Amino acid sequence: MSNTLSKIEKRTAYALTLPAVLIVFAIVLFPIFSNVWISFKEVQLKDIRIPEPRAKKIVKSVKNEDSKIKIIYKLRNSSLIQDIRDVKFQDKFPNNVQPVDLDERCKFISNKVQCDFGDWSKKYREQLVIFFETKNGEKIEKKLFKLNKPKLKGKADNILLTTDFTLSNFKKVFTNYEFKDLLLTTFYYTFFGTVGAIVFGILSAQMVNQNFRGRSFIRSTLLFPYVAPVVALAFTWELLLDPNSGTLNNLLLNYNIIDKPINLLGQKYVSIFVFGFEFKLRLALTTVIIFEIWRYFPLAFLFILARLQAVPKELYEAADIDGAGPYTKFMNITLPQITAVISILFMIRFIWNFNKFEDIFLLTGGASGTRTLPINVYEQGFSIGDIGMGSAVSMVIVLLLLFFMLIYFKLIGKRANES
Amino acid sequence: MRVKSIITFSIISSFFLFSLISIWKILSTLQGIELKTLNFNFYFLSGIIISFVSIFLSEKLNKLSIVIILSSVFVLIDYFINSSLPIWHYIGTFLILLFFVNKLSKYNKKNFSYNFSTQIIFFDFLTLFGIIFFSFVILFPFYLMLVTSFKTQALLLINPLDFSIDFTQNIKSLFKSYIIVFTEYNFGKYMLNSSIVSIGTVIITLLLGIPAAYAVARLNFFGKHFLSTSILIIYMFPAIVLVIPLYTVFSQLGLRNSVFGLLIIYTATTLPVAIYMLQGYFKSIPKELEEAGIMDGQNWFGIIVKIILPLSLPAIASVALYVFMIAWNEFLFSLMFLDSPSSFTLSRAIQFLNVGAETPRQYLMAGSVVVTLPILFIFVYFEKYLVSGLTSGSVKG
């Protein structure tokens, strides 16, 4: 009895989960695996389209001969790089007409012209001309010939499905002189973006965790950058930072704080002198990181605030009795209470900043030293048009990501054991 | 101790005063007023003087008169230093001073002899400064977005710092950018597309996600553990690693340039988080209720519809709002999969406007306001639900 019950339960469970599992499998898991496949192939963006045979039909009347008509098919292989095998052609014609001197590759059977063109090489083009006449010499009707469209069939390799593999994509990725720089930029962006967001999150949460008027207003306001669409925010920031007409530069010029506009998003390095030593700061990268912090510290704020509100008041009261000051209270009560949240936040944000594409893409497009790995995927795959390279770069991302996730789940497991 | 506290107090408070005045001056400058300097020395010095005087007077006069006297004196001096500014600027300065001196008057000589008074003062002002700084930094870009949409390119070229809105003009020319964005740039259609995609994603995600989450939360089956961990892992895979294979496959299947294709992708990418959030909530519903349902002869469909759904409406609302937000704001997939303007979503359309170089910026900003306002409105209105969605679903962002 219980056996059948559990069987029913299982069957129900599978029925309930199947639709969701299928769609996630098709759209998320399948692409991840096919990335592996594509990354070992040499595929260009232009190769993606499967070549197909095409025909354009032109109907022309023949001079002085009412009963005759001329039909021209402009035949071609749609692909400039791939062959098509075994091309078959078929077109239907009105009753009461027959072809004159039909091409020898074609047959006329029950009002249909069927042709067998064999193989078409790449860039193949041909004009096929067929004359028709009415069987009884009546006037031919041109309109009737335009009714049908020719049907063509052919076999072509889908470049994605062939089995010739190569390691050249990965070779190119790793031997590229920019690869080290790419990793470094990604790391800077990810690390400083994450740390900055958490630091500002702690500060803002600590502030909002006190009682003052307008507290709930501030709390919702602080979440605005996280909730609003990235496109709108990125373009607003572009307007804000523009070297010529941007508000920030104009304000700084107006107050005589700077004497030349600074191209915050378009300048790779800026020299900073500290005690006579020259430092080169990655300017555009820093700006992008600041945007990143601005947009994502609200999330850290939300988490840390929730945790702060759960800290027992008694702890602070006890500290007051012991004569502890605000600084001691923060260091010895608040910080230890939020370290767990911070470490999980750090991992989550690290993983997500590592993958972040939109923000940099919209602000700089990856120019002036802001090209991270995700931006490189887009550039390789779609700007340069080398799908195979793009996939190879995204494989690098996936591998690093799996490594980070391993750490993350270890951390979560450890936390779960502790509590 | 006391001297140290008083000195810290005056220095910190004058920094605070300076930052308040500077923000006010920046806002005034952006209304087209000519203010050429922030005058750090003057405001810093007067901040120190005000704080000393306020401590000194605190035992002799009542609070209200100190506040009013000090503020008026300050504004008068300010008036002699930069005269010929419009009256509302001084009123604003006066209000800021009222606020500032009111804060100062909380401290009297007694305060400075407490333990840790330096630290307490430091933290108090840091909090105040932080609140104002964070609100300013957060809201400023939104403010800029809004006011730019009411200006014209020509006016902004003449004076890029003048964002004052001329309310004397008629409504039609005031909202000209919005009218043009909706008529010439076809934003009505894009808004419709965005709404269809987002609402469609929410509906399909819930339809598929609720049963799956129920199964994961309640039923025993082979592969359950695997499923619930893989949900999280899948969720953490970014769009950028899916984009190339999806692009190639969708191109070959002819699913690109269709709102439907986008709908499938959004559903698939939001399903894991929806299941993850919902199953957590379903687990918290007492099992006895369902057992009672089974006794009454309900099948799983009846149990979900009659018992689980009514009990978990708040959780479903947070999931729905969260998924709506993701779909409404999504950019990468709409960039990759939509080429023809008839299928654009709002995000894609704004990016398209920006790439088309010569679009005047007020139209760009009007478009940005159009895409931002609905989601901010929803956020403010349903804040409770969306915030709980953000917290439980925020492994992604």
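**Reading the model**

Modeller: Begin with confidence. In chain B, helix H9 (residues 187-218) has the highest mean pLDDT, 92, and helix H19 (residues 383-393) has the lowest, 75. This is a predicted model, and chain B as a whole averages a pLDDT of 84, with 96% of the residues at 70 or above.

Biologist: Which scores are given for the model as a whole?

Modeller: The ipTM is 0.90 and the pTM is 0.86.

Biologist: How many residues of chain A and chain B are in contact?

Modeller: The size of an interface is often given as the accessible area lost when the parts come together. Here we have a count of residues instead: 85 of chain B are in contact with 78 of chain A. Helix H5 (residues 117-148) of chain B supplies the largest share of chain B's side, 15 residues. By class, that side of chain B has 57 nonpolar, 24 polar and four charged residues.

Biologist: What does the domain assignment give for chain A?

Modeller: Chain A has domain 1 at 53-155 and domain 2 at 179-370. The C-alpha centres of these two domains of chain A are 67 Å apart.

Biologist: And which domains are assigned in chain B?

Modeller: Chain B is also given a domain 1, spanning 2-148, and a domain 2, spanning 180-393. Taken over C-alpha atoms, the centres of domain 1 and domain 2 of chain B are separated by 46 Å.

Biologist: Is Asn256(A) buried or exposed?

Modeller: Asn256(A) counts as exposed because it has 10 C-beta neighbours inside 10 Å, and the cut-off for exposed is 12 or fewer.

Biologist: What is the phi of Ser368(A), and where does this residue lie?

Modeller: Ser368(A) is another non-glycine residue with a positive phi, of about 45°. The loop that holds Ser368(A) runs between helix H11 (358-363) and helix H12 (373-383) of chain A.

Biologist: Why is Ser368(A) put in its burial class?

Modeller: Ser368(A) has 20 C-beta neighbours inside 10 Å, so it counts as buried. The cut-off for buried is 20 or more.

Note on methods: Residues numbered from 1 in each chain as written. Chains lettered and ligands numbered in written order. Predicted model: local features only at pLDDT ≥ 70, side-chain atom pairs only at ≥ 80, totals over all residues. Domains from an automatic or database assignment. Contact = placed C-beta atoms within 7 Å. Helix = DSSP H or I, 4+ residues; strand = E, 2+ residues; numbered from the N terminus. Nonpolar A, V, L, I, M, F, W, Y, C, P; charged D, E, K, R; others polar. pLDDT = per-residue confidence, 0-100.
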